[in-house]
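Thanks for coming. I will take a few minutes on one model and its side-chain contacts, and then stop.

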Amino acid sequence: MTNYSSNQKKAIEHGAGPLMVLAGPGSGKTFVITHRIKYLIEGPGINPAHILVVTFSRAAAKEMKDRFEKLCSKSLVTFGTFHSVFFNLLKTAYGFGSEQIASDELRYTLIKELIKRNSIENEDINTLAGNLLNEIALVKQDNISIKNYYSNSISSDTFKKIYSDYESELEARGKLDFEDMLSLTYELLSERSDILKAVQNRYRYILVDEFQDIDKKQYELINQLTGPNNNLLVVGDPDQTIYTWRGADVNIIMNFAKDYPQAKTIILNENYRSVEAILNGANSVIKNNKYR
């Protein structure tokens, strides 16, 4: 029989409804997620095909799936990234193929060509290209009017031109970037209530890992999928938010209880990985976070 800590057991055996699990490093968050899925299938008898697990990288999704399948083999649980989950929706609805998704290589090639075309002088074109792509992503994620956006990397007028040309180049090639894909999925689910209902009926239990790294558009989509089922488990740690440069918004996890007033919060505060000296050092830094 598996040994759980008291709080791990509460998270694993949580009933229906929203739940936020605040889990620091080494506190067993993957353990909790995988055993939570096992509990849903073997306890309340949830059909594994109705369970969706979302994380941020293919490596993390694969690791989660592999660890779960050691507990329950031959499962129909869906494990995926935001990219793969929402691309599959577009694939089903519109017949999209993988060739329509702009690769990172293409995106960087396009933006570098536009930097040269606009005679922007910079000692490190690779860094500038990355910064510009991040800013383009932020504009799209937050639905910012390009007229009202002021770039941190180049003159705002030049950025607006590069943004427009970047969009035109993608369209000419019949390509979508990641943010376009999320926007199209949001529009699809907003405009087609039949498809939204079908997706909500399919995924009745949703679990999101590394929730502190979610951005506004991803959160809007998760809210759409959750719908009236209200069975959303999010796992994260505000102290580990490191992707604000690509749109992650720590306010989302901080305000989760406001968005889901019925949500329970469970804190995993036992570290099973690090020695005391490391924990003391980490805590001495974290305690300076006045928003914590």
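First, the ground rules. This is a predicted model, in which local features need pLDDT of at least 70 and side-chain atom pairs count only at pLDDT 80 or more, while totals for chains, interfaces and linings use all residues. Residues are numbered from 1 along each chain as its sequence is written, and side-chain values use heavy atoms, with hydrogens and water left out.

Aromatics, then. A pair of aromatic rings is described by the distance of the centres and the angle of the planes. Rings of Phe, Tyr and Trp (its six-membered ring) are paired here if their centres lie within 6.5 Å; planes under 30 degrees apart are stacked, over 60 edge-to-face, and the rest tilted. On that basis the structure has ten aromatic pairs. One of them is phenylalanine 211 with phenylalanine 256, an edge-to-face pair at 5.7 Å centre to centre and 80 degrees between the planes. This pair links distant parts of the chain, 45 residues apart: phenylalanine 211 is in the loop between strand E4 (205-208) and helix H10 (216-226), and phenylalanine 256 is in helix H12 (residues 256-259). Helices (H or I, at least four residues) and strands (E, at least two) are DSSP runs, numbered from the N terminus.

Phenylalanine 211 is buried at 0%, and phenylalanine 256 is buried at 0%. Phenylalanine 256 also pairs with tyrosine 260: the centres are 4.8 Å apart and the planes at 25 degrees, so this pair is stacked. Tyrosine 260 has 9% relative accessibility and counts as buried. Put together, Phe211, Tyr219, Phe256 and Tyr260 make up one aromatic cluster.

Two lysines sit over rings. The criterion is NZ of Lys or CZ of Arg within 6 Å of the ring centre and within 35 degrees of the ring normal. Lysine 160 lies over the face of tyrosine 150, 5.7 Å from the ring centre.

Next, salt bridges, taken as a side-chain nitrogen of Lys or Arg within 4 Å of a carboxyl oxygen of Asp or Glu. How many does the structure hold? There are 15 salt bridges. In one of them, lysine 29 meets aspartate 209, with the closest N and O atoms 3.0 Å apart. These partners are 180 residues apart and link distant parts of the chain, lysine 29 in helix H2 and aspartate 209 in the loop between E4 and H10. Lysine 29 is buried at 18% relative accessibility, and aspartate 209 is buried at 3%.

Other bridges stay within a helix. Glutamate 42 and lysine 38 have their closest N and O atoms 2.9 Å apart; both lie in helix H2, four residues apart, about one turn of the helix. Glutamate 42 is exposed at 53%, whereas lysine 38 is partly exposed at 24%. Arginine 107 and aspartate 104 form a bridge at 2.9 Å, N to O, and both belong to helix H5 (residues 104-117), three residues apart. Arginine 107 is buried at 13%. There is also one network, in which bridges that share partners join Lys140, Glu167, Asp177 and Asp180.

A cavity here is a set of points, on a 1 Å grid over the protein atoms alone, where a 1.4 Å probe fits but cannot get out; lining residues have an atom within 4 Å of a point. The structure holds one cavity of 30 Å³ or more, and the largest cavity has a volume of about 60 Å³. Its lining includes His14, Arg36, Tyr205 and Asn231. Helix H2 (29-42), E4 and strand E5 (232-236) each give two or more residues to that lining, and E4 supplies the largest share, three residues.

Serine 119 is in the loop between H5 and helix H6 (125-141) and is exposed at 58%. Asparagine 230 is in the loop between H10 and E5 and is buried at 18%.

That is the end of the talk.

Notes. Buried < 20%, exposed > 50% of the residue type's maximum accessible area, 1.4 Å probe, protein only. 1 Å grid on protein atoms, 1.4 Å probe; cavity = no way out; pocket = protein on both sides within 12 Å on 5 of 7 lines; lining within 4 Å. Points joined across faces, edges and corners; volume = space filled by probe spheres on them.
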